[in-house]
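Keep the sequence and the 3D view open as you read.

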Amino acid sequence: MRERNLLFIFILFVLLTAGIFVHGIYRDQMDWRENAARYHCFYHVRVTGLSGREVEGTTVIMVPIPAPKEGKFFTPYPQKDIYFSQKLTHIVFDWNDKSGKTPYFENMTEKFDNKVLCNHWTSFIVESDKGYMLEFRTNDTRLEDIHCGVSLIGDYFDIFDPINNGSPMLFPVENLSNISSIPYGDYTKYTSYPTYDTYVYLSNNLKGGENVSFEIMLTTNNDPTEWPQKYVSKYKTILFANVNDTGYVKVSAILGQEVPIGNKSLSVLGSQYARDFYDNKASHVVK
């Protein structure tokens, strides 16, 4: 009887120990998963028609910045202490690359403000006459195009009605089109592409040159670890414009969803808006 009890205790100890390590490894996989497997957006800015231009003084380009239509920046996940099971797992397997905390994700200011994101252009978050925008600034007399991409982590994004529920778009946001939705499971999704007006800005020392082309895209997805496959989705907000002016220029932007991921019916890159830009070189400047 005593031997049986000892065997039971030994088996229980083995199972408990194995459970601790399994939990630690699982939590590591969750905490250190890729950005795309979180509430995530990828912000891509491409401004062409600048390379080779000779200018005097400071050149400033401003573009819309990722933010909800109200202009309030979203926050990343808070950094937290890891579980005891993870600490034990790291010690046993000598995983010294883990700091004792979950990953740290930079906020908008840390990502954008006073950073050299590409070439010699320095970026700043500015509160312009139109609201918050992302400014690129250089004192170079011979310019280069702007081309950069930035990943951003949020604590939550509503993929199904991002416009009305505080998810990021290309801000500033003016003159939103009418939005219609249809049921989708326990949620809704848009029936068409919402459009709106926003702004880009070019400093006066660019006056009189050739067109400057803006291709700005924001791709946003929800966390696939928190949602059933049916609801794992994303949406894309884009601004494509050919601009031959300076100062604040009003341009159109458009939003399209993939609900669920893989459903291309409202993919914004297949929209007439995108085809007009790529095929017909439409400016998308709002007169």
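Grid points are joined across faces, edges and corners, and a volume is the space filled by probe spheres set on the points. By this rule there is one cavity of 30 Å³ or more.

Before going further, please note that this is a predicted model, in which local features need pLDDT of at least 70, side-chain atom pairs count only at pLDDT 80 or more, and totals for chains, interfaces and linings use all residues. Residues are numbered from 1 along each chain as its sequence is written, and side-chain values use heavy atoms, with hydrogens and water left out.

**Cavity and pocket**

The largest cavity has a volume of about 30 Å³. Its lining is made up of F74, T75, P76, E106, N107, M108, L152 and I153. Sorted by type (Ala, Val, Leu, Ile, Met, Phe, Trp, Tyr, Cys and Pro count as nonpolar, Asp, Glu, Lys and Arg as charged, and the others, Gly among them, as polar), that lining has five nonpolar residues, two polar and one charged.

The largest pocket holds about 340 Å³ of space. Of the 18 residues that line the largest pocket, R27, D31, Y77, K80 and T102 lie nearest its centre. Its lining divides into eight charged, seven nonpolar and three polar residues. Helix α1 (residues 2–31) gives the largest share of this lining, with three residues. Helices (H or I, at least four residues) and strands (E, at least two) are DSSP runs, numbered from the N terminus.

**Rings and charges**

Rings of Phe, Tyr and Trp (its six-membered ring) pair if their centres lie within 6.5 Å; planes under 30 degrees apart count as stacked, over 60 as edge-to-face and the rest as tilted. The count comes to 19 aromatic pairs.

Y39 counts as buried because its relative accessibility is 1%, whereas Y156, at 41%, is partly exposed.

W227 is buried at 14% relative accessibility, and Y231 is buried at 8%. Ring pairs also join W227 and Y231 with F160, Y184 and Y187 into a cluster.

A charge sits over a ring if NZ of Lys or CZ of Arg is within 6 Å of the ring centre and within 35 degrees of the ring normal. The charged end of K230 is placed this way over Y184, 5.6 Å from the ring centre. K130 likewise lies over the face of Y248, at 5.6 Å from the centre of that ring.

**Cysteines**

A disulfide is a covalent bond between the sulfur atoms of two cysteines. Here a disulfide is called when a pair of cysteine sulfur atoms lies within 2.5 Å, and the structure holds zero disulfides. C41 is in none, and the nearest cysteine sulfur, that of C148, is 13 Å away; C41 is buried, at 0% relative accessibility.

**Backbone details**

A cis peptide bond joins F171 and P172, with omega about 15°, and P172 lies in the loop between β8 and β9 (181–184). A cis peptide bond also joins V259 and P260, with omega about -5°; P260 is in the loop between β14 (247–258) and α4 (272–280).

N114 is not a glycine, yet has a positive phi of about 60°. This residue sits in the loop between α3 (108–112) and β4 (115–118) and is exposed, at 54% relative accessibility.

Methods: 1 Å grid on protein atoms, 1.4 Å probe; cavity = no way out; pocket = protein on both sides within 12 Å on 5 of 7 lines; lining within 4 Å. Buried < 20%, exposed > 50% of the residue type's maximum accessible area, 1.4 Å probe, protein only.
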